[in-house]
Amino acid sequence: MLRITVYGGAGQIGGNQVLVEDGSVRWFFDFGIPFHQWSKFYEEYLQPRRTYGLLDFLALGLVPPVQGIYRPDLEQHPLVARDFPGRPTVEVEGVLLTHAHLDHSGYISLLRRDIPVYTTPTTAFMAKAIQDTGQSDIEREVVYFTPLRQNPEGLLEGDRESHALQRPFRFALGPLPAGDALAFWHKLPLAKKPLEVAPPQAAQGIGGRPLRCWPVDHSIPGACAWAVETSAGWVAFTGDLRWHGAAAHYTRRFIEDLASLRPRVLLCEGTRATPGPHLVHTEEDVAQRALEHLRSVRGGLVFADFGPRNIERLLIFWRIAREVGRSLVILPQDAYLLEALHTLDASLPLPDPGRGVRLYADPKVAPRTWERELRRRYASALVSPEEVHQEQEAFILCFSLLDVNDLPTLRPRPGSVYLYSSHEAFDEAGYLDFERLLNWLGHFQMRPVGVPRRDPATGRWAIPPGEEGLHASGHAPGPHLIEMVRQARPRTLLLVHAEPGAYAYFTEHLSGTGIEVRMPVPGETLEFA
Ligand SMILES: [Zn+2]
Ligand SMILES: [Zn+2]
């Protein structure tokens with residue numbers, strides 16, 4: 001009997017935590033942070049407490065209410081056992097991770113060290129670079145973690161004595177990392193802290209079940225889809241995907257292969273399974289539009305704001321920068337990420353004035369170790385805010401709202417442009433951010449392009465006419481998803497990473513196909529014969 005329990009990603013976008021059980025063999029598809037649920041309670045300055053281990057995560061329904069999968073150090077606090085006794089014990093063979101977005105990967109941080117993570121080398125390297133350059137945080141320990149210890153009051157605290165432990169990864173697609181790549185994989189950014197490494201192995205089946213992995217097109221490199229052959233037939237999982245980016249051919253190939261497997265169950269994302277309209281801007285459209293806008297910039301600075309970790313968009317702006325005779329200035333965390341991925345794919349650029357990529361180096365009292373070392377490695381590519389100010393027409397800066405507080409030192413000249421190439425706001429807080437961004441731009445007389453503005457008459461936010469098309473979604477629009485499912489012909493389509501309305505959309509557009517469409521209820525186990 002095949003059993004599937006969707007703990008996270010049921011009726012909501014993101015936070016996938018899908019338990020699959022085939023007899024005694026169990027695994028998770030993704031183990032992400034359910035941001036929808038998380039942000040009901042938390043924000044940047046209001047976070048789960050590390051001192052109580054798992055308590056807050058269980059109390060607020062952020063993780064499956066089971067035991068046997070979590071780090072023993074996080075189970076230590078007595079309130080965890082007192083308030084959540086008798087949780088069913090689950091033993092899993094691994095997590096099949098689709099990509100490095102935190103709504104898919106983040107809560108791997110909380111899992112036992114002996115649960116292997118199956119993913120692509122690119123996703124693993126992205127996850128490590130994100131962790132290496134981010135703040136250390138209990139929710140950001142996807143690749144390695146340092147176990148907490150209990151103090152005499154029962155609270156959990158960091159332990160300076162203990163080593164960081166790397167999780168075992170099973171790599172699908174591509175050769176196992178060697179040379180520089182392996183050196184990166186086994187090195188901690190804090191020079192002094194020892195890391196107990198876990199040498200990567202190749203993914204060859206899970207719990208004796210045949211396993212397939214395909215690269216797919218998404219807004220982050222390394223994204224993949226999975227399928228496992230179970231006693232009831234193939235169970236496949238799309239992760240997040242689209243086919244309007246540079247890797248579109250990968251997604252098409254996945255769909256063809258999937259059709260040949262005649263899947264019993266297809267777990268499919270439904271982010272954009274909405275009535276429409278379905279505008280499909282391709283990444284190439286974005287490149288064309290951005291180039292047109294930037295050709296019209298006379299003097300002054302250009303900022304390009306695209307989502308973090310969107311390497312495809314970064315490469316597009318690198319290309320555009322060369323076409324308009326500017327250098328691309330990237331932030332240290334982007335350079336670190338590129339350097340990590342460069343060990344797997346030598347075609348990616350590194351900071352190098354000769355190739356038009358510079359590394360932004362704002363004066364810092366105490367840069368972190370990784371950043372100090374990065375600056376040393378790319379000393380010839382460094383560019384300071386003062387140099388940017390002096391030669392404004394020489395650069396495109398990959399900045400976002402979080403970097404605009406450098407504007408008083410950059411002092412943009414009139415005619416400078418802030419080009420927004422990312423998604424629209426999801427909630428009120430997002431619109432407040434746009435308002436704040438527009439205040440900055442107005443104050444420094446930078447021209448916004450592609451930034452949503454509020455219509456004073458109606459109060460509605462929209463991108464002004466003539467500035468649309470500077471962003472392409474990471475997700476396939478509804479009609480593409482329908483086309484994919486019709487071609488793959490699973491017996492059951494199980495919607496994840498989708499709002500409840502996606503159910504009606506799929507049922508309507510798949511009527512007459514004989515495909516059973518199901519919208520999971522969080523934590524409810526579905527059985528398939
Ligand atoms: Zn997602
Ligand atoms: Zn994603």
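So, two domains. In this predicted model, the protein splits into domain 1, which covers 2-275 plus 474-528, and domain 2, which runs 283-462. Notice that domain 1 is written as two segments. Take the centres of the two domains over their C-alpha atoms, and they sit 30 Å apart. Where they touch, domain 1 puts in 25 residues and domain 2 puts in 16.

How much area is buried between domain 1 and domain 2? It's about 1700 Å², and carbon and sulfur atoms give 61% of that. On the polar side, there are seven residue pairs in polar contact between the domains, counting pairs with both residues at pLDDT 80 or more. Which helices supply at least two residues each to the side of domain 1 that touches domain 2? Those are H6, at 121-133, and H7, at 179-185. H6 gives the most, with eight residues. If you sort that side of domain 1 by class, you get twelve nonpolar, eight polar and five charged residues.

Okay, charges. Side chains of opposite charge can pair when their charged atoms come close. Between domain 1 and domain 2 the count is three salt bridges. Let me show you Glu312 with Arg242: the closest N and O atoms there are 2.9 Å apart.

Now zoom out. Searching the whole structure turns up 34 salt bridges. I picked a few to walk through.

Start with Asp22 and Arg209, whose closest N and O atoms are 2.7 Å apart. Asp22 is in strand S2, residues 17-22, while Arg209 is in the loop between strand S12 (201-202) and strand S13 (211-215), so this pair ties together parts that are 187 residues apart in sequence. And is Asp22 buried or exposed? Buried, at 1% relative accessibility.

Next, Asp257 and Arg253, with 3.4 Å between the closest N and O atoms. Both belong to helix H8, residues 248-261, and because they are four residues apart there, about one helical turn separates them. Asp257 also counts as buried, at 14% relative accessibility; the cut-off for that label is under 20%.

Then there's Glu516 with Arg518, meeting at 3.9 Å, N to O. Both partners are partly exposed: Glu516 has a relative accessible area of 35%, and Arg518 has 27%. Some salt bridges also share partners, and that joins Asp217, Arg242, Glu283, Glu312 and Arg313 into one network.

Where is the cis peptide bond? It joins Gly276 and Pro277, with omega at about 5°. Pro277 is in the loop between strand S16 (265-269) and helix H9 (283-295).

There are also a couple of arginines with a positive phi. Arg309 has a phi of about 70°, although it isn't a glycine. You'll find Arg309 in the loop between strand S17 (302-306) and helix H10 (311-323), and it is partly exposed, at 29% relative accessible area. Arg489 has a positive phi too, about 45°, and again it's not a glycine. Arg489 is in the loop between helix H16 (478-488) and strand S26 (492-496). At 47% relative accessible area, Arg489 is also partly exposed.

That's what I've got. Happy to take questions.

Note on methods. Residues numbered from 1 in each chain as written. Chains lettered and ligands numbered in written order. Heavy atoms only, no water. Domains from an automatic or database assignment. Contact = heavy atoms within 4.5 Å. Buried area = accessible area lost by both parts, 1.4 Å probe. Salt bridge = Lys/Arg side-chain N within 4 Å of Asp/Glu carboxyl O. Polar contact = N/O pair within 3.5 Å; in protein donor to acceptor, adjacent residues only side chain to side chain. Nonpolar A, V, L, I, M, F, W, Y, C, P; charged D, E, K, R; others polar. Buried < 20%, exposed > 50% of the residue type's maximum accessible area, 1.4 Å probe, protein only.
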